[in-house]
Amino acid sequence: MRVKHQAFLYALSLLMGLALWELYARALPGIVLAPPSSVVVRMAHGLLSGELSLALLASLGALVLGYALAILVGVPLGFLIGRSKRAAEMVEPMMNAIYAVPPVAFVPFIIIWFGLFFEARVALVFLMAIFEIVVAVSAGAGSLDPGLIDVGRSFGAGRRKMLRSVVLPAALPFVFAALRLGLVRAINGMITAELFFAAVNLGKVMKDAASRFDTAGLLAVILLLCILGLLTQEGLKALEPRLMPWHIRERQS
Amino acid sequence: MSSTWINRIVGILAALAIWELAGRMMGDALFAPLSSVLREFYAMLFDGQVVAELLASLRQMLFGLVLACLVGMPLGVLMGRSQLADVLLHPWLSMFIVTSVAALVPLLILLLGTGFWFRVAVVFIASVWYITLTAYQGARGLEPRWIDVGRSFGAGGLRRFWKIVLPGLYPFLLAGVRIGLVHAIRAMVVAEMFVIVGFGGLIHTAGLAVSSAPILALLTLLMIVGVLANALLKLAARHVAPWHELRTSEPLRH
């Protein structure tokens, strides 16, 4: 009942916002800001005709590869930094310093190294996702319940056994949080790369729309990316209880 | 000196040494070594043009960030204290937070042009949601007991807000500014590199040079600004809410 109530209010809020936007857009002269109705129509049309759907599919290649690489490097690195005080102290100043530089600022540098196409896009996705993942995993791995470690130690678990049977399962919730944060940044990196390197796929659709002063076309891509972001977030959230029932049980008790 | 500081210094020195060695092996075109970047950096500092551009860009960024604080902080507190506001606003918050700022840039150019307001808008949109979210988390997690104590001592609603709620929120509001600042600097560079003006424009142009030393020098400058601003805000947090020290000492996020 309560959940239904909340879902109703969510829907109401979205509808109210869209109605406001619709009224505002219609009140503006000419085609300054497209109303949501034409954005949705444009997105549906783009998806069905293949203009948007094919571009999205092509975009996903760089996203998946860059994100996968960021996980492969970022998760072990995060564990290393989180579990060793010394490693954390040695690496943290550099991490903070590099983190302070906006990833887009590396664009000219990535062009020197990887050119303007697929490799460059993968590199930017990787760069934008990895820091989020390392920071979140190391924070999680560093804040494990010491009681768990002690139990493992008193049962005589060696370093490897401890990592596999105690540290990894206990840190998995943090890893998931890291994957979610990293994915938002990776999608971010994907579209940033397509706009800042050679304009291809969704980035090309956006640039073409912009050159025609077509705000409906621009907003259709933005809406599509927003839906992609929300769906993947919810997907990862739904996966969580299946992969680690112990975490959910703990939270409920 | 504590072992923490020894480890930190060793880490920094090792990273700098690796930079120098890697730079010498790869050459200026691919990855300029520390020594040539430092030379470039000094030249840049005394040149004046770069610093002037940076200050002008930062001024515009600050304008957007202050606007974002003025809107985001009350909004977050409202959402944290009122369930109706939370339910009504949360879907929008989640939607905007996953939206890429770079994707909004072409749209904002059509709506606002490429001048002052465009850059302010990009910074505002990039940072306001994170500031809102942090204030929201703070307002939600406020100890009900504190407010009860105020009530039992006869403090009225307004007085309770100024004397209990607001001080309880300080650490979160400051953390919000810190997180917002990271996003604001990112957004500033995205906006400026897209239309090739200001400091972001300098980065874009430096990317076309034969040597990678100029661009690395610019990135170093940006890095110093970011780290300094972050340290200053942390110091402010310690000053305003010393009791909160332990809870905010986690590494910088978002």
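User: How many residues does the contact take from chain A and from chain B?
Analyst: It takes 51 residues from chain A and 46 residues from chain B, with two residues in contact if their C-beta atoms, placed from the backbone, lie within 7 Å. This is a predicted model, where local features need pLDDT of at least 70, side-chain atom pairs count only at pLDDT 80 or more, and totals for chains, interfaces and linings use all residues. Residues are numbered from 1 along each chain as its sequence is written, while chains are lettered from A and ligands numbered from 1 in the order in which they are written.

User: What is Val190(B) in contact with, skipping its neighbours within four places in sequence?
Analyst: From chain A, Pro102(A) and Val104(A). From chain B, Val101(B), Ala102(B), Val105(B) and Val122(B).

User: New topic: how is chain B divided?
Analyst: Into domain 1 (1–31) and domain 2 (32–248), with bounds from an automatic or database domain assignment.

User: How far apart are the C-alpha centres of those domains?
Analyst: They lie 29 Å apart. Still, nine residues of domain 1 of chain B are in contact with nine residues of domain 2 of chain B.

User: What's the make-up of the domain 1 side there?
Analyst: On the side of domain 1 of chain B that touches domain 2 of chain B, there are five nonpolar, one polar and three charged residues.

Terms used
Ala, Val, Leu, Ile, Met, Phe, Trp, Tyr, Cys and Pro count as nonpolar, Asp, Glu, Lys and Arg as charged, and the others, Gly among them, as polar.
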